[in-house]
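User: Hi, I'm new to this one and would like to be walked through it. Could we take it piece by piece?

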Amino acid sequence: MCGIAGIFSIKSTVRAEWIKSMTDIVRHRGPDDSGFLGVNTKANKFFELIDNDSKIKGHHLSEFSNPVDLLFGHRRLAIVDVSSSGHQPMSNKGKSIWVVYNGEIYNYIELKEELKLKGYTFETNTDTEVLLASYEEWGEKCVHKFNGMWAFAIYDTKARSLFIARDRFGVKPLYYWVAP
């Protein structure tokens with residue numbers, strides 16, 4: 001069980017304290033780590049951020065003041081790969097695709113082997129990294145390959161697109177709101 005949150009605004013910038021409040025509410029879902037990503041989608045700039053619960057070093061969310069219109073937040077409960085290499089938000093090697101993810105892809109080992117045959121290499125033992133490689137390989141159709149329960153949001157810096165998905169049965173619910 002983890003907790004993910006995100007804010008995207010077409011018309012204005014979003015504030016770091018908003019995402020911090022959202023992830024603090026779900027802290028009980030992920031006491032092992034926290035992480036954040038701020039994105040200025042118009043300038044295509046991204047900022048990896050941490051708070052006091054983060055297990056990696058980086059720029060602190062409380063000191064962040066750059067204008068962004070997309071924020072991701074993650075609270076981690078480490079289960080599959082308990083090392084800090086499972087820190088989220090996670091990116092692909094080129095830092096062109098970012099994800100916040102909650103769930104478990106039961107067939108990630110099989111998918112990992114299939115992706116290795118296609119030339120992908122992996123640095124972690126997480127299903128999150130397999131999710132990223134799957135998106136790189138199959139795009140939004142990657143969800144048809146997954147067996148499990150999940151909710152995630154992916155920001156693709158090259159396509160400048162936001163893709164959100166949840167499992168077919170809503171085991172890991174995903175709530176969103178579109179402002180009028």
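User: Let's start with helix H3: is it largely enclosed by the rest of the structure or left open?

Analyst: Keeping in mind that this is a predicted model, H3 is largely enclosed by the rest of the structure, because ten of its twelve residues are buried. Among the buried ones are Asp 127, Val 130, Leu 131, Leu 132, Tyr 135 and Trp 138.

User: And what covers those buried residues of H3?

Analyst: The cover includes helix H2 (108-117) together with several strands, namely S6 (90-91), S7, S8 (148-156) and S9 (161-166).

User: What span should H3 have, and what is the distance between its end C-alpha atoms?

Analyst: H3 covers residues 127-138, and at 1.5 Å a residue its twelve residues should span 16 Å, which agrees with the 16 Å that separates its end C-alpha atoms. Just after the helix comes Gly 139, which takes a positive phi of about 65°.

User: You mentioned S7. Where does Gly 103 sit, and what does it touch?

Analyst: Gly 103 belongs to strand S7, which runs over residues 97-105, and, leaving aside residues up to four places away in sequence, it touches Asp 127, Met 149, Trp 150 and Lys 172. Asp 127 is also one of the buried residues of H3, while Gly 103 itself is partly exposed, with a relative accessible area of 27%.

User: Changing topic, how many residues of strand S2 are buried?

Analyst: Eight of the eight residues of S2 (residues 33-40) are buried, so the strand is mostly covered. Asp 33, Gly 35, Leu 37 and Val 39 point one way from S2, whereas Ser 34, Phe 36, Gly 38 and Asn 40 point the other way, and all of these are buried.

User: Which strands does S2 pair with?

Analyst: S2 pairs with strand S5 (residues 70-76) in the antiparallel sense over seven bridges, and five bridges join S2 to strand S3 (residues 45-50), again running antiparallel. Ser 34 has Arg 75 as its bridge partner in S5, and Gly 38 stands opposite Phe 47 in S3. The hairpin of S2 and S3 has four residues between the strands, and there Asn 44 takes a positive phi near 55°.

User: Last one: which residues form the nonpolar patch on the surface?

Analyst: Phe 8, Ile 10, Leu 162, Ile 164 and Tyr 176 form that patch, and together they have about 540 Å² of accessible area. Ile 10 lies in the loop between strand S1 (3-8) and helix H1 (16-25), and it counts as exposed because its relative accessible area is 66%, with exposed meaning over 50%.

Terms used. Residues are numbered from 1 along each chain as its sequence is written. This is a predicted model: local features need pLDDT of at least 70, side-chain atom pairs count only at pLDDT 80 or more; totals for chains, interfaces and linings use all residues. Side-chain values use heavy atoms; hydrogens and water are left out. Patches are made of residues with over 30% relative accessible area and no salt bridge: like charges are joined within 9 Å, nonpolar side chains (Val, Leu, Ile, Met, Phe, Trp, Tyr) within 5 Å. Accessible areas come from the Shrake-Rupley method with a 1.4 Å probe; for residues, only the protein chains shown count as cover. A salt bridge is a side-chain nitrogen of Lys or Arg within 4 Å of a carboxyl oxygen of Asp or Glu. Helices (H or I, at least four residues) and strands (E, at least two) are DSSP runs, numbered from the N terminus. Buried means under 20% relative accessible area, exposed over 50%, partly exposed in between (1.4 Å probe, protein chains only). Contact means heavy atoms within 4.5 Å. Two strands pair if DSSP finds at least two bridges between them. The expected span of a helix is 1.5 Å times one less than its number of residues.
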